[in-house]
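Trainee: I'd like to learn how to read a model like this one. Can we go through it feature by feature?

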Amino acid sequence: MNKQEEEIRKKSPVNIKNRKAQFEYFVIETFTAGLVLTGTEIKSIRAGKASLVDTYCLIINGEMWVRGMSVSPYFYGSYNNHDMKRDRKLLLTKREIARLGSATKQTGFTIVPLLVFIDGKGRAKMDIALCKGKKAFDKRQTLKEKEDRREMDRAMKVYR
């Protein structure tokens with residue numbers, strides 16, 4: 001990811017994160033994919049009414065889909081409002097899909113959504129990652145490192 005892409009993510013009015021993903025998985029490689037959405041879904045995402053809790057990606061017939069993503073119904077939507085938990089198609093190149101498909105056939109690897117954001121042109125994008133699940137001792141190690149960083153920050157504040 002280059003600096004320009006990082007700036008777009010930081011300036012995005014919408015940053016919907018999957019906070020548990022960093023704790024539950026080791027991130028091996030990340031990709032950015034477009035989302036195929038209906039009109040009321042994009043309006044709801046722009047309002048920040050989406051969640052990535054318990055979401056995952058899968059490949060069906062050579063296409064990438066995200067399953068379990070919750071997008072709340074749009075408040076001003078009428079009878080043609082969208083389903084809250086429907087599967088949504090992700091836009092990736094064939095080469096990226098093939099690469100992810102071959103990687104997920106190995107034991108312990110999965111594809112997890114990390115972030116939903118709006119790019120500079122107003123389109124919804126999703127950062128997905130090829131991940132390997134952490135064991136219990138890995139999670140404890142992550143918590144210990146996080147606690148150590150906190151204590152160092154506190155010590156630096158007191159020292160100043």
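Mentor: The residues lining the second largest pocket split into six nonpolar, four polar and five charged. Here Ala, Val, Leu, Ile, Met, Phe, Trp, Tyr, Cys and Pro count as nonpolar, Asp, Glu, Lys and Arg as charged, and the others, Gly among them, as polar. Keep in mind that this is a predicted model: local features need pLDDT of at least 70, side-chain atom pairs count only at pLDDT 80 or more, and totals for chains, interfaces and linings use all residues. Residues are numbered from 1 along each chain as its sequence is written, and side-chain values use heavy atoms, with hydrogens and water left out.

Trainee: How is a pocket found, and which residues lie nearest the centre of the second largest pocket?

Mentor: Rolling a probe the size of a water molecule over the atoms shows where empty space is left. On a 1 Å grid over the protein atoms alone, a cavity is a set of points where a 1.4 Å probe fits but cannot get out, while a pocket is an open set with protein on both sides within 12 Å along at least five of seven lines; lining residues have an atom within 4 Å of a point. In this model, 15 residues line the second largest pocket, and Asn18, Lys20, Leu52, Val53 and Asp54 lie nearest its centre. Helix H2 (19-24) and strand E8 (109-118) are the elements giving two or more residues to that lining, and H2 gives the most, with four. Helices (H or I, at least four residues) and strands (E, at least two) are DSSP runs, numbered from the N terminus.

Trainee: Asp54 is in that list; what is the phi of Asp54?

Mentor: Most residues other than glycine have a negative phi, and most peptide bonds are trans. Asp54 has a positive phi, near 60°, and sits in the loop between strand E3 (50-51) and E4. Asn61 also has a positive phi, near 55°, and belongs to the loop between E4 and E5.

Trainee: Is Asn61 buried or exposed?

Mentor: The cut-offs are on relative accessible area: buried is under 20%, exposed over 50%, partly exposed in between (1.4 Å probe, protein chains only). Asn61 is exposed, at 78%, and Asp54 counts as exposed at 66%. Over the chain, buried residues make up 32% of the 160 residues.

Trainee: Which residues of helix H4 are buried?

Mentor: An α-helix has 3.6 residues a turn, so residues three or four places apart point the same way. In H4 (residues 94-104), the buried ones are Ile97, Leu100, Gly101 and Ala103. They sit on the same side of H4 because they cover an arc of only 165° around the axis, an arc taken from the directions from the helix axis to the C-beta atoms. The face turned away from that buried side carries the exposed Lys94, Arg95 and Ala98.

Trainee: And what does Ile45 touch?

Mentor: Contact means heavy atoms within 4.5 Å. Not counting residues up to four places away in sequence, Ile45 touches Val14, Ile16, Leu37, Ala50, Met69, Val71, Val116 and Ile118. Ile45 is also among the residues with the most contacts inside the largest nonpolar core, which has 26 residues. Such a core is a set of buried Ala, Val, Leu, Ile, Met, Phe, Trp, Tyr and Cys residues joined through side-chain atoms within 4.5 Å. The largest share of this core, four residues, comes from E9.
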